[in-house]
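Please keep the sequence and the 3D view open as you read.

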Amino acid sequence: MTSTLPSSSPWPLNPASPTPNRRLPSPIFMDANSPPSLDGDDHSPLSDLSGISAAVVSPDDDNHRSQTSSPTTTSQNVNPNPVPQIVDSSRPTLLHLSFNQDHSCFAAGTDRGFRIYNCDPVREIFRRDFANNSGGVGGGIGVVQMLFRCNILSLVGGGPEPQYPLNKVMIWDDHQSRCIGELSFRSEVKSVRLRRDRIVVVLAQKIFVYNFADLKLVHQIETMVNPKGLCEVSQVSGSMVLVCPGLQKGQVRVEHYASKRTKFIAAHDSRVSSFAITNDGKLLATTSSKGTLVRVFNTLDGSLLQELRRGADRAEIYSLTFSSTAQWLAVSSDKGTVHVFNLKVESGSLGVERSRDPTDTSATTPSAVSHLSFIKGVLPKYFSSEWSVAQFRLQEGLQHIVAFGHQKNTVLILGMDGSFYRCQFDPAAGGEMTLLEHLDFLQPEESF
């Protein structure tokens with residue numbers, strides 16, 4: 001793999017060397033407690049991370065390249081000029097949806113570019129619609145991942161007219177409106193995960209972990225066939241945990257980078273279909289291709305902590321996410337129902353300080369646990385599994401992803417039809433969630 005610089009490099013030269021510094025400045029992020037910036041005409045209204053404008057791989061890294069067989073080497077320069085964009089008011093086709101790491105924003109990849117939205121209030125922050133080779137509408141983006149609220153994003157082409165090759169991850173700087181680096185591979189990129197110090201690229205049977213500062217490869221992992229690009233990383237600084245499929249059916253691999261430990265968890269008998277981890281990487285939730293059960297594990301020792309039941313019928317799980325306090329877990333599936341589960345993990349045993357509202361009575365929520373759980377060892381698991389506290393009904397068969405909102409006891413739902421829902425659940429009474437907001441985020445902002 002090589003990363004490439006624009007022809008006019010913005011990097012300051014090291015007086016001791018005629019080549020640019022290889023170590024990049026540390027990223028500068030918006031204070032997580034400050035309100036989101038929604039203004040700005042000349043630049044992206046996200047935090048400035050323009051210090052990371054490219055990474056350099058010098059000629060003496062040939063040996064490093066030869067040891068990494070899957071990423072291919074590239075010699076082309078990333079275009080130093082802004083990418084041509086167009087203005088088109090027609091409705092785009094959604095190719096990809098993702099929340100950022102703290103659920104304050106979400107990104108949408110379309111058949112003509114990408115758009116970034118604020119979650120609370122819901123508002124389009126900016127969009128980039130690309131022109132195709134003939135100057136018309138085109139330039140599909142199949143994967144777009146944000147890095148909290150900064151101006152650096154990762155993009156992968158997609159759709160009938162992809163803006164970039166499907167085997168490349170493009171590092172986009174929205175302050176410059178252009179790509180300032182790329183990672184190239186020999187096969188299609190399935191997904192990308194970002195954190196402040198790492199870029200993780202997922203292929204069909206391999207995962208590559210790069211240092212964010214200089215795009216150097218630090219780890220590669222072989223997995224079983226992974227067509228959905230399943231992979232998650234923790235977000236607490238200094239203690240990265242990575243979760244990915246193992247080499248066997250139903251197996252999950254957990255990499256603890258701080259302690260240099262690898263843990264394999266036999267999560268299910270059938271293929272793992274989705275998983276999620278907490279921000280600190282200490283809890284893991286998994287589902288299988290059956291989609292009936294959600295299992296919660298301790299990533300440190302692999303022990304099963306809780307088993308949750310989505311339903312009795314087979315379902316395809318679309319999305320799985322923890323709340324920031326690890327008190328709640330939300331699940332969406334093709335059955336059209338979003339479920340919220342109450343987690344009863346003994347946080348003290350995991351070394352996790354989990355804040356609960358002293359007025360919260362969810363521990364006694366009637367719908368949280370089957371009334372027949374006292375004969376857990378006698379009846380089938382269907383009767384002893386824990387059921388969801390709250391539910392919200394959606395259109396069956398339409399793909400939705402979920403996240404927990406910053407408002408108390410709220411869930412955010414995004415649909416591949418452009419729908420946005422904000423719902424609130426009652427942790428004490430449970431039952432159907434209350435719809436607080438519903439809109440079509442692909443419509444012009446005036447109609448919100």
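A residue is called buried when its relative accessible area is under 20%, exposed when it is over 50%, and partly exposed in between (1.4 Å probe, protein chains only). This is a predicted model, in which local features need pLDDT of at least 70 and side-chain atom pairs count only at pLDDT 80 or more, while totals for chains, interfaces and linings use all residues. Residues are numbered from 1 along each chain as its sequence is written, and side-chain values use heavy atoms, with hydrogens and water left out.

**The chain as a whole**

The protein chain holds three helices and 30 strands; helices (H or I, at least four residues) and strands (E, at least two) are DSSP runs, numbered from the N terminus. Of its 448 residues, 56% are buried. A contact means heavy atoms within 4.5 Å. Among the contacts with a separation of 6 or more, 51% are between residues 24 or more positions apart. The accessible surface is about 19100 Å², and carbon and sulfur atoms account for 50% of it; such areas come from the Shrake-Rupley method with a 1.4 Å probe, and for residues only the protein chains shown count as cover.

Strands pair here if DSSP finds at least two bridges between them. Strand β18 (residues 283-288) is largely enclosed by the rest of the structure, because six of its six residues are buried. In a regular strand the side chains alternate between the two faces of the sheet. In β18, Leu283, Ala285 and Thr287 point one way and Leu284, Thr286 and Ser288 the other, and all are buried.

β18 has antiparallel pairings with β17 and with β19. Phenylalanine 275 stands opposite threonine 286 in β18, and leucine 283 faces asparagine 298 in β19. The hairpin of β17 and β18 has five residues between the strands, and glycine 281 in the turn has a positive phi of about 75 degrees. In the hairpin of β18 and β19, four residues lie between the strands and glycine 291 takes a positive phi near 75 degrees.

| Strand | Partner strand | Bridges |
|---|---|---|
| β11 (residues 206-211) | β12 (residues 217-222) | five bridges |
| β17 (residues 272-277) | β18 | five bridges |
| β18 | β19 (residues 293-298) | five bridges |
| β26 | β27 (residues 410-415) | five bridges |

**An open sheet**

Four strands form an open antiparallel sheet in the order β26-β27-β28-β30. β26 (400-404) and β30 (434-440) stand at the edges with a single partner strand each, so one side of each has no neighbour in the sheet. From one strand to the next, the twist averages 20 degrees; axes are lines fitted to C-alpha atoms, for helices over the stretch in contact, and angles run from 0 to 180 degrees between N-to-C directions. Alanine 403 has leucine 412 in β27 as its bridge partner.

**Charged pairs**

A salt bridge is a side-chain nitrogen of Lys or Arg within 4 Å of a carboxyl oxygen of Asp or Glu. The whole structure has 14 salt bridges. One of them joins lysine 190 and glutamate 188 at 3.9 Å, N to O. Lysine 190 is partly exposed at 27%, and glutamate 188 is partly exposed at 40%.

Glutamate 386 and lysine 344 form another, with the closest N and O atoms 3.7 Å apart. This pair links distant parts of the chain, 42 residues apart: glutamate 386 is in strand β24 (residues 386-387), and lysine 344 is in the loop between β23 (337-342) and α2 (347-350). Glutamate 386 is buried at 16%, whereas lysine 344 is partly exposed at 32%.

Glutamate 432 and arginine 393 meet at 2.9 Å, N to O. Here glutamate 432 in strand β29 (residues 431-432) is linked to arginine 393 in strand β25 (residues 390-393), 39 residues away. Shared partners also join Asp120, Arg422 and Glu437 into one salt-bridge network.

**Cysteines**

How many disulfides are there? With a disulfide defined as a pair of cysteine sulfur atoms within 2.5 Å, the count is zero. The sulfur of cysteine 119 is 6.2 Å from the closest cysteine sulfur, in cysteine 105, which is too far for a bond. Cysteine 119 is buried at 2% relative accessible area, and cysteine 423 is buried at 0%.
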